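I opened this model to look up a few side chains and how they sit. My notes follow in the order in which I took them.

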Amino acid sequence: MIGQLCAIVIDCPNPSELADFYGKLLSLSRIDDAPDFVVLGTPERKEVVSFQ
């Protein structure tokens, strides 16, 4: 089996602001939202982008 990329984590100074931008750009919704950590993805959680 070939490996799959399941998640990307981006370290940034303002996770909420960057998550807003990428959420709109990639049509992803917030799955988890904390002051210092935001997770974007699809309802099936197959594609995940996290910001910390």
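**Helix α1 and its surface**

I began with L25, which lies in helix α1, residues 15-26; helices (H or I, at least four residues) and strands (E, at least two) are DSSP runs, numbered from the N terminus. I note that this is a predicted model, in which local features need pLDDT of at least 70 and side-chain atom pairs count only at pLDDT 80 or more, while totals for chains, interfaces and linings use all residues. Residues are numbered from 1 along each chain as its sequence is written, and side-chain values use heavy atoms, with hydrogens and water left out.

I looked up the accessibility of L25 and found it exposed, because its relative accessibility is 53%; buried means under 20% relative accessible area, exposed over 50%, and partly exposed in between (1.4 Å probe, protein chains only).

**Aromatic pairs**

I then asked how many aromatic pairs the structure holds, and found two. The rings of F21 and Y22 are edge-to-face, because their planes stand at 80°, with the centres 5.1 Å apart; rings of Phe, Tyr and Trp (its six-membered ring) pair if their centres lie within 6.5 Å, and planes under 30 degrees apart count as stacked, over 60 as edge-to-face and the rest as tilted. F21 is partly exposed at 49%, and Y22 is partly exposed at 27%. Y22 also pairs with F51, stacked, at 5.8 Å centre to centre and 25° between the planes. Since Y22 lies in helix α1 and F51 in strand β4 (residues 48-51), this pair ties together parts 29 residues apart in sequence. F51 is buried, with a relative accessible area of 0%. I recorded F21, Y22 and F51 as one aromatic cluster.

**Two loop residues**

S27, in the loop between α1 and β2 (29-34), has a positive phi of about 55° although it is not a glycine, and S27 is exposed at 66%. T42, in the loop between β3 (37-41) and β4, is buried at 14%.
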